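Please examine the sequence and the structure shown below. The paragraphs that follow lead from one part of the protein to the next.

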Amino acid sequence: EFEIRDRYYAQAADVVLAVDGYALKYKFEELGIKTLCAYTWYNREHYKKKEGVVKDIDISFIGICAGESRKKYIDFLEKEGIRVTTYGKGNKNGSIDFNKMIDVFNRSKINLNFSGTIYGRHPYKINYNIRQCKGRPSEVALCGGFVLSEYAYGIEDMYDVGKEIEIFSNENELLQKVKYYLQNEMEREKIAENAYTR
């Protein structure tokens, strides 16, 4: 679509908002078109931070667990004795509605985010390595939640890593950060507050 349509229409704009990250941004900028990356657009009336909510869920994940790496990470944590509460198609707690999702974001000490794509379910193994920034961290941040995200290129331009979000790149790093942030509530809540403010 870029070569067929987008590159021509974009030349009539003062600025283009790219929602799928750096590849598209660079393509437009090669043509001299000012481009901003805006990964997500959300209504603050729908995504809300609830005051006085008890954080009674240690770790949550909401989404499809069809991707091989997502299931691998969750299984690894559970094997290490870490309880992960999962929701979504194919998960043990099943799908939930929007209001319940907002409730889970607010009640979770740690909200997990995975950066794999639909290509991770493709039969060619090389596609398992494709990662992209997702909207989930912004959804969680708007609810005042703490996000521990699998790394994807460009996430450091969306958030200040270590101050507004935490990231992991492998199982051991995930386990280490889960244990650390479950034990360090004040630091965890400060990072969540910084992301909410951002």
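At the start of helix α4, a side-chain oxygen of Asp97 lies within 3.3 Å of the backbone nitrogen of Asn99. The model in which this pair is found is a predicted one. The helix itself covers residues 98–107, and its buried residues are Met101, Ile102, Val104, Phe105, Asn106 and Arg107. What do the buried residues of α4 pack against? Their partners are the strands β3 (57–62), β4 (85–87) and β5 (108–113), together with helix α5 (136–142).

Is Asn111 buried or exposed? Its relative accessibility is 2%, and because residues under 20% are classed as buried, Asn111 counts as buried. The side chain of Asn111 forms a polar contact of 3.2 Å with the side chain of Ser60. When neighbours within four places in sequence are set aside, Asn111 touches Ser60, Val104, Phe105, Val140, Gly145, Phe146, Val147 and Leu148. Two residues in this list, Val104 and Phe105, belong to the buried residues of α4.

A contrasting case is Arg83, which is located in the loop between α3 (68–79) and β4. With a relative accessible area of 55%, Arg83 is exposed, since the class begins over 50%. The C-alpha atom of Arg83 is separated by 6.9 Å from that of Ile59, although the two residues stand 24 positions apart along the chain.

The next region concerns two helices. Two packed helices are described by the angle between their axes and by the distance between the axes. For helix α7 (residues 171–183) and helix α8 (residues 185–197), the axes come within 5 Å and cross at roughly 100 degrees. Angles of 65 to 115 degrees count as roughly perpendicular, and α7 and α8 are therefore roughly perpendicular to each other. Which residues of the two helices meet? Tyr180, Tyr181, Leu182 and Gln183 of α7 meet Glu185, Glu187, Arg188 and Ile191 of α8. Sorted by class, this contact of α7 with α8 comprises 4 nonpolar, 1 polar and 3 charged residues.

Finally, the protein may be viewed as a whole. Its secondary structure consists of 8 helices and 7 strands. The protein has 198 residues, of which 46% count as buried. Among contacts with a separation of 6 or more, 60% join residues 24 or more positions apart.

Conventions. Residues numbered from 1 in each chain as written. Predicted model: local features only at pLDDT ≥ 70, side-chain atom pairs only at ≥ 80, totals over all residues. Heavy atoms only, no water. Axes fitted to C-alpha atoms, helices over the stretch in contact; angles between N-to-C directions. Helix = DSSP H or I, 4+ residues; strand = E, 2+ residues; numbered from the N terminus. Parallel < 35°, antiparallel > 145°, perpendicular 65-115°, else oblique. Contact = heavy atoms within 4.5 Å. Nonpolar A, V, L, I, M, F, W, Y, C, P; charged D, E, K, R; others polar. Buried < 20%, exposed > 50% of the residue type's maximum accessible area, 1.4 Å probe, protein only. Polar contact = N/O pair within 3.5 Å; in protein donor to acceptor, adjacent residues only side chain to side chain.
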